[in-house]
Amino acid sequence: MNVSSTSDIEITLWRTWALTVTHEACEYTEQKFNAEKTGGDPVIPSPNLDTDLVMACDRLVDRLIKAYKNPIQMPIDIARYSKLISPKDTGHNEEREEKLLQRCPPGHEGTKLVEIPATILDVSGAIIAWYLPDALTDATQKEIWAASDLLAPMLEESIKVDGNWRTNQRWFKPSSEDDVLTPGCINVSPAWFQQGHENQLDPQVSASLKGALSEKILKAIARPAAIATAALRVMHPEQYWAGLRAFGSLGEKAQSKELPKMSETLQYWASVFNSLSVISNRQTPNHRDHLSIPECFDILTSVGNYSNARMNVGGAGWEDGWLVAGKD
């Protein structure tokens, strides 16, 4: 199996995978981004991409270019900041966060508000976050809503009276007659180690994809997953190719170890990320995810009918008024 950024990908296993279409969308997105950045020739999309997906990629490229041309450099040293963080720094303890900011200040007073496409750079010039408001087409947003409807029963069951903050009911806004979204928080993955079972030999398909609606759910999120992956292809090519290699290995393992549910799920999974968190109608307290790799990007997307939303990134001292990709 040969997967690299300098060679054509010819993997028979992938010919029926949704990830194949995602990869072609990523190729088109990266080529179009580079062409517009350098003034190159127009890029023709693959005939395997449907019109809605091409339009979604075009919208994404427009926002990526605008963000790339609007760098905001901050005096913060992200490498030093990452080394200072310990597992005890969950983001919930205001006193510890204040001490952390004193040791590694963002380099400006007050809070910077970011409302247009932008890239956030640290003191070394490394991009630590991309902010892409209005990056999703109406068609893509409708697909996310449709997928949320399919997930509604699981979202409803996820809320706990005494759960941790991720699923505790105090952080969720109750549904109303005018609110069609079901509050809740669930994880979707074709292959992961469940909490408390990290030492098990083989990863498993998440419980959310083991039901009768799993294929419909995966098909519903295919285009949004492809768009997020296309963004990653431009933002962090090394992480993108690492993801492809990982899924190639997962496909081989699922076949060799005769894991039929994983093989079936991988066929419809359209992202190089191995998990997706679906969060609906929840206020999220300041926190830090220690399972994230500092050198890699997480992607956060917000969809819904609302105004004046804000995401505060306290450690960097900036907030945006949203597709956001950042290093945790």
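1. Thr-167 sits in the loop that runs between helix H6 (152-158) and strand E5 (184-188), where helices (H or I, at least four residues) and strands (E, at least two) are DSSP runs numbered from the N terminus. This is a predicted model, in which local features need pLDDT of at least 70 and side-chain atom pairs count only at pLDDT 80 or more, while totals for chains, interfaces and linings use all residues. Residues are numbered from 1 along each chain as its sequence is written, and side-chain values use heavy atoms, with hydrogens and water left out.

2. With a relative accessible area of 18%, Thr-167 is buried (under 20% relative accessible area; exposed is over 50%, partly exposed in between; 1.4 Å probe, protein chains only). Leaving aside residues up to four places away in sequence, Thr-167 touches Ser-158, Ile-159, Lys-160, Phe-172 and Cys-185, contact meaning heavy atoms within 4.5 Å.

3. The axes of helix H1 (residues 18-38) and helix H9 (residues 237-256) come within 13 Å and cross at roughly 165 degrees, the axes being lines fitted to C-alpha atoms over the stretch in contact, with angles from 0 to 180 degrees between N-to-C directions. H1 and H9 are therefore roughly antiparallel (over 145 degrees; under 35 is roughly parallel, 65 to 115 roughly perpendicular, the rest oblique). On the H1 side the contact is made by Leu-19, His-23, Cys-26 and Glu-27, and on the H9 side by Tyr-240, Trp-241, Leu-244 and Phe-247.

4. For the chain as a whole, there are ten helices and ten strands, and 43% of the 328 residues count as buried.
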